[in-house]
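Biologist: Could you take me through one part of this model up close, and then show me how the rest is put together around it? I'd like the pairing of the strands to start with.

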Amino acid sequence: MYDRHLHPLLVRFLEGLKPSPFSKKHAGFVTRLSAAFDEFYREYMRIYGHVPGAEQHFLDLLSSLWDAHRDRPEDLHARDRQREANTDWYLEPKLVAAQIYLDRYAGDLAGLQRHLDYLQELGITVVHLMPILDMPEGENDGGYAVRDYRKIDRRFGTMEQVEELSRELTRRGMLLQMDLVVNHTADSHEWARKARAGDPAYIDYYYFYNDRTVPDAFEASMPEVFPATAPGNFTHIPELDKWVMTVFHRYQWDLNYTNPTVFREMVGILLYLANRGIDVIRLDAVPFLWKQIGTNCQNLEQAHQLLRLFALAYKTVVPSLVTISEAIVQPHEVVRYFGDGDFAGRETEIAYHVSLMVLLWDAVATTNVRLLTTGLENMPEIPRGCTWLTYIRCHDDIGIGFSDDDARAVGYDPAMHRAFWKEMFTGKFPGSVSRGELFMENKATGDARISGSAASLAGLEYALSVNDPALVDAAIDKLCMLYGVVFSYGGIPIVYYGDEIGYLNDYAHRNREAEREDNRWMHRPIFDWDKAALAKEQGTVEYRIYHRMQRMIAARKAIAEFGHLTQPELVASGNEHVFTFLRHLGSSRTLVAANVSPQAQVIPQHLIHRIYDVPEAGNLTRVQDVITGSSPTIQQGQLLLQPYQILWLRDP
Ligand code: OTU
């Protein structure tokens, strides 16, 4: 029935299953589990081997996988089979994501159905819904404090509506992406309530300490995520007179992954969500999954082990599921979240290209690409089968996260350069057109991050306030140029909702009780559909941005090399204001050149030859910028770029 090299534990497990797994229907599951088993068991034991009853815990985990496999609806099994036959499906250039706060964009799930056309017209194929699982009223960190992982918050609708949405998106050729907050639960989650009531089994779901001894030992080396509003990493729980670990806010309790039951519960939840039809799951805050005294409690090896275990578990049940590791950390740490790329060593398929994001903002702040190109050159290559999320804005702040070594290498003093950033993006630097705010300024260390919408950071808010058409043009060009890089650099680009029509900062968040203390709400717009309608009216700011974005997205989808089967190759442009890179796949090539400065720039015409395999064979007169569909301007042997212009040059 099965080959005799199977691990005896696996044989015991399979033979004990009811109904018998040895039928055509379950062949995929048995095959995948058998293939992964040795690695799976070994990895599991590395982390939980010392726990009493570890083997039974492992068998319990396998049982939940079997249950999830049997719960998976038939149409989703079919989807899995389709994707198993095309394993590169998420690397294709047709993927373009929009990130959306459902309540702010469309009210609820029913409302979203009515606004899918808008996204589809823009060219969006991946809909990332920000957290909509059941959350406490009042402060809930935008849903990143989850009260019930198996229920949709009643403000948004029901789980059945999510399933409906998934089916509707499938019909439209679109994908559904949602978050799984794996690091912590809300303090009102059932587990937390049971813990608070003194149930020892649930106290063990979290990190509880009787006094300050252990917390103080942790604090000695543990940074604070929200120093201004949530100082310290532990919260006193009066009912128990104990301290619980709360790395983010006091109402977000960190899950204790040293407890194998917690791991099994979270795998069960992940698969439950996948079985509702979600295609892509963003695993929130993964660097924090494991804590150890004496470390900064981020990016620890055990966090990676846990992610490998998660992947082994869900791939066994849902081979088509891909996950995103949300790790906004230093470049050499970010790439570790891909694992070593092959099936067994894989952690997540997708990660945020935080360096590209930060360094693009650096390029427009300094109007040169020195740090951008140096930072990207020093970025390790990523394994085959993995890809980036490319973006310039998301719902979070922008950390001033360039590498100090890179900064020094291009002649900046890192501390001074951070100080420059703070001044530049808050509009204090002489001549700055950016209108952002500092987020979580830590007066003691001088650390701070930046809040603000893409358009406001790019200068649109200021330009409109002084009613200066030239500055408005420049801000629009800058915003579209940044997005032009995001759409072409490689990976899945994110359109952060509202950016496509140039949403400015929303200062009214200060009047909303639950949002007052957290200025990330200034760049989480409450969508105004009258404003969106302006995207259809020629000449409006909304129209100008929307149509350029739409054109770039459409063009991108037809350019095979803009997917992520190959990596971008940086090209020295000889002009420090122009970011130039080549994308190629087979003989298909595109040269991207982006002017990050408010002045016109030139680069040598001969760079165009890079789009030909055999340079001499190139017919320069045929070369076109696919964004505008016109030939590039050549002046005296130089290629001209207008202020903030981006060119996608190819031979069509
Ligand atoms: C994430 O961000 C979410 O994106 C935030 O919106 C949440 O508030 C937070 O988790 C808690 O759930 O520190 O400033 O390296 O950077 O997880 C945002 C990852 C954050 C962290 C990231 C975190």
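Modeller: Let's begin at Ile237, whose bridge partner in strand 9 is Lys242. Keep in mind that this is a predicted model. The two strands involved are strand 8, residues 234-237, and strand 9, residues 242-245, and they pair in the antiparallel sense over four bridges. Together strand 8 and strand 9 make a hairpin, with four residues between them. Have a look at Asp241 in that turn, as its phi is positive, at about 45°.

Now, where does this hairpin sit in the chain? The domain assignment gives domain 1 as 8-84, domain 3 as 190-254 and domain 4 as 565-650, while domain 2 is built from 92-181 + 264-399 + 483-560. Where they touch, twelve residues of domain 2 are in contact with 13 residues of domain 3. On the domain 2 side of that contact you'll find four nonpolar, three polar and five charged residues.

Strand 15 is joined to strand 17, residues 449-451, by two bridges, and the two run antiparallel. Ile398 has Ile450 of strand 17 as its bridge partner.

Last, the helices. Helix 3, residues 54-71, and helix 12, residues 260-274, have axes that come within 10 Å and cross at roughly 10°. Angles under 35 degrees count as roughly parallel, and helix 3 and helix 12 are therefore roughly parallel to each other. Helix 3 brings His57, Asp60, Leu61, Ser64 and Ala68 to the contact, and helix 12 brings Pro260, Arg264, Val267, Gly268 and Leu271. Sorted by class, that's five nonpolar, three polar and two charged residues.

Definitions and conventions: Residues numbered from 1 in each chain as written. Predicted model: local features only at pLDDT ≥ 70, side-chain atom pairs only at ≥ 80, totals over all residues. Axes fitted to C-alpha atoms, helices over the stretch in contact; angles between N-to-C directions. Parallel < 35°, antiparallel > 145°, perpendicular 65-115°, else oblique. Contact = placed C-beta atoms within 7 Å. Nonpolar A, V, L, I, M, F, W, Y, C, P; charged D, E, K, R; others polar. Pairing = 2+ DSSP bridges. Domains from an automatic or database assignment.
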